[in-house]
Amino acid sequence: MEFTSELLVNVSKEKQSEILNGIFNYYIEQNGVGAMSKSDFDALVVYLYVQHVKKAKFDSFELSGELKLTESRLKGLYEKAEIKFSQIEEGDAWVELLKIMSNTKFEVESLEKGQVHFKLDNPALYRYFQKRIREFGTAKYSKGEERVTISLLTLFEVLERVDELSESEFKTRSLDDIKKNREATLKKIVTSLPKKTREKIKGDAKGLPNQLASAFSAAANLATIWSVIAVLL
């Protein structure tokens, strides 16, 4: 079978076959024709397109144009698809999360509250991030702005926990990727702080807003976190 759709014409026959196989698997074999809701079927099409055509790269602006959807609708469908159809393990999800975080820009949201924010453009990955946040605190995620706001201490604690889990519980063959991208993420976090603030942290944290000083004071007790941060300051 030859596909003539502009969306698939330049896609390899192998990938075209995987898309068709995915539709038959989820839409027919698992549910039976007509049993899947339109919303779920739309989510399935979006998911298969992202996985096989875009090589799992989620760019809401680009994809919304190609698939003729609003960005908000696209994000909702992809998030639903991740829950219903993805078989990704948590460890592999963290590889992707850290890859995004290590290439994003961290900005100080509030020195007084010790908060930072960063861009997370793939809403389907946030639930894995949220799962670990709950162990230590809370965060805010705006899908529209594609932005996560979180206290620096909570973020440090989450990254320390991910390092522990990558050694024990995560079923992933990408242990090295987790460690490499986590270090790159920490570098981005530290270098995002004003130079004078970094100098104060390195020398004497007195005079810094309480929450920010507390975050770095607590980070000194997080073995793998502090070993990276101390070199960067």
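Me: At what angle do helix H7 and helix H11 pack, and how far apart are their axes?

Reply: In this predicted model, H7 (residues 152-167) and H11 (residues 223-232) pack at an angle of about 115°, with their axes 8 Å apart.

Me: Why is H7 called roughly perpendicular to H11?

Reply: Angles of 65 to 115 degrees count as roughly perpendicular. The angle here is about 115°, so H7 is roughly perpendicular to H11.

Me: Which residues make the contact of H7 with H11?

Reply: H7 gives Phe156, Leu159, Glu160 and Asp163, while H11 gives Ala223, Thr224, Ile225 and Ile229. Sorted by class, five are nonpolar, one is polar and two are charged.

Me: What makes H5 and H6 roughly perpendicular?

Reply: The axes of H5 and H6 (residues 126-133) cross at roughly 100° and come within 9 Å. The range for roughly perpendicular is 65 to 115 degrees, and therefore H5 is roughly perpendicular to H6. On the H5 side the contact is made by Glu90, Ala93, Trp94, Leu97 and Met101, and on the H6 side by Tyr128, Phe129, Lys131 and Arg132. These residues divide into six nonpolar, no polar and three charged.

Me: How do you know that strand S2 pairs with strand S4?

Reply: Two strands pair if there are at least two bridges between them. Five bridges join S2 (residues 115-119) to S4 (residues 147-151), so the two strands pair. They run antiparallel, and glutamine 115 stands opposite serine 151 in S4.

Me: How do you know that S3 pairs with S4?

Reply: The cut-off is again at least two bridges. Four bridges join S3 (residues 139-142) to S4, so these strands pair as well. S3 and S4 run antiparallel, with serine 142 opposite arginine 147 in S4.

Me: How many residues lie between S3 and S4 in their hairpin?

Reply: Four residues lie between them, and glutamate 146 in the turn has a positive phi of about 55°.

Me: What lines the largest pocket?

Reply: The lining has 20 residues, and Ala56, Glu96, Ile100, Asn122 and Leu125 lie nearest the centre of the pocket. Helices H2 (38-52), H4 (71-84) and H5 (90-102) each give two or more residues to the lining. H5 has the largest share, three residues. By class, the lining has eight nonpolar, five polar and seven charged residues.

Me: How much space lies in the largest pocket?

Reply: About 400 Å³.

Methods: Residues are numbered from 1 along each chain as its sequence is written. This is a predicted model: local features need pLDDT of at least 70, side-chain atom pairs count only at pLDDT 80 or more; totals for chains, interfaces and linings use all residues. Side-chain values use heavy atoms; hydrogens and water are left out. Axes are lines fitted to C-alpha atoms, for helices over the stretch in contact, and angles run from 0 to 180 degrees between N-to-C directions. Angles under 35 degrees count as roughly parallel, over 145 as roughly antiparallel, 65 to 115 as roughly perpendicular and the rest as oblique. Contact means heavy atoms within 4.5 Å. Ala, Val, Leu, Ile, Met, Phe, Trp, Tyr, Cys and Pro count as nonpolar, Asp, Glu, Lys and Arg as charged, and the others, Gly among them, as polar. On a 1 Å grid over the protein atoms alone, a cavity is a set of points where a 1.4 Å probe fits but cannot get out, and a pocket is an open set with protein on both sides within 12 Å along at least five of seven lines; lining residues have an atom within 4 Å of a point. Grid points are joined across faces, edges and corners, and a volume is the space filled by probe spheres set on the points.
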